[in-house]
Amino acid sequence: MKDTIEVIKGGEKILAIILHADFNEPGVHFFTPEEFPQQLGFIRHQEGEIVQAHIHQAMKREIELTQETILVKKGRVKVNLYDSARRYVDSRVLAEGDVMLLSAGGHEMKFLEETELIEIKQGPYLGKEDKVRFQGIEES
């Protein structure tokens, strides 16, 4: 049986965190370090519980690295992970309901069947200047 939470590292750097669809612990769980510009968590509350009304205060935040979160809505996708020097580190296959936070390094995706993803990342998107493309293992 696979772990319901996986942390994939390249050296000491966290490249990705996977929250598999079968994770189901009660309460509030965050899996990312506090300093990450994007936080990944899972929340399970019982009927009738209340999260108190609140707003998030406007405050300047400095973000140096775009992090992406993908949710597999339908299908299967193989994600290849690379360190910041563009060296291949590891691969994972994600299925329906799995969530992956891509937090550092590079990545490449190969769709194993028709797949629908939801992607969440910080903006604004800077167009061509936002990404550096390189040859991955799927193109070899």
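Patches here are built from residues with over 30% relative accessible area and no salt bridge, joining like charges within 9 Å and nonpolar side chains (Val, Leu, Ile, Met, Phe, Trp, Tyr) within 5 Å. By that rule, Val28, Phe30 and Ile43 form a nonpolar surface patch of about 300 Å². This is a predicted model, where local features need pLDDT of at least 70, side-chain atom pairs count only at pLDDT 80 or more, and totals for chains, interfaces and linings use all residues. Residues are numbered from 1 along each chain as its sequence is written, and side-chain values use heavy atoms, with hydrogens and water left out.

**Surface patch**
- Ile43, one of the patch residues, sits in strand E4 (residues 41-44); strands are DSSP runs (E, at least two residues) numbered from the N terminus.

**Strand E8**
- Strand E8 (residues 99-102) is covered on both faces, with Val99 and Leu101 buried on one side and Met100 and Leu102 buried on the other (buried means under 20% relative accessible area, 1.4 Å probe, protein chains only).
- E8 pairs antiparallel with strand E2 (residues 13-19) over 4 bridges (pairing takes at least two DSSP bridges), and Leu101 is the bridge partner of Ile17.
- Strand E5 (residues 68-74) also runs antiparallel to E8, joined by 4 bridges, and here Glu68 has Leu102 as its bridge partner.

**Largest pocket**
- The largest pocket has a volume of about 810 Å³ (a pocket is an open set of points on a 1 Å grid, where a 1.4 Å probe fits, with protein on both sides within 12 Å along at least five of seven lines; lining residues have an atom within 4 Å of a point).
- Its lining has 26 residues, and Glu68, Gly106, His107, Lys131 and Val132 are the closest to the centre.
- Strand E9 (106-111) and strand E10 (116-121) each give two or more residues to that lining, with E9 giving the largest share, 4 residues.

Notes:
Accessible areas come from the Shrake-Rupley method with a 1.4 Å probe; for residues, only the protein chains shown count as cover. A salt bridge is a side-chain nitrogen of Lys or Arg within 4 Å of a carboxyl oxygen of Asp or Glu. Buried means under 20% relative accessible area, exposed over 50%, partly exposed in between (1.4 Å probe, protein chains only). Grid points are joined across faces, edges and corners, and a volume is the space filled by probe spheres set on the points.
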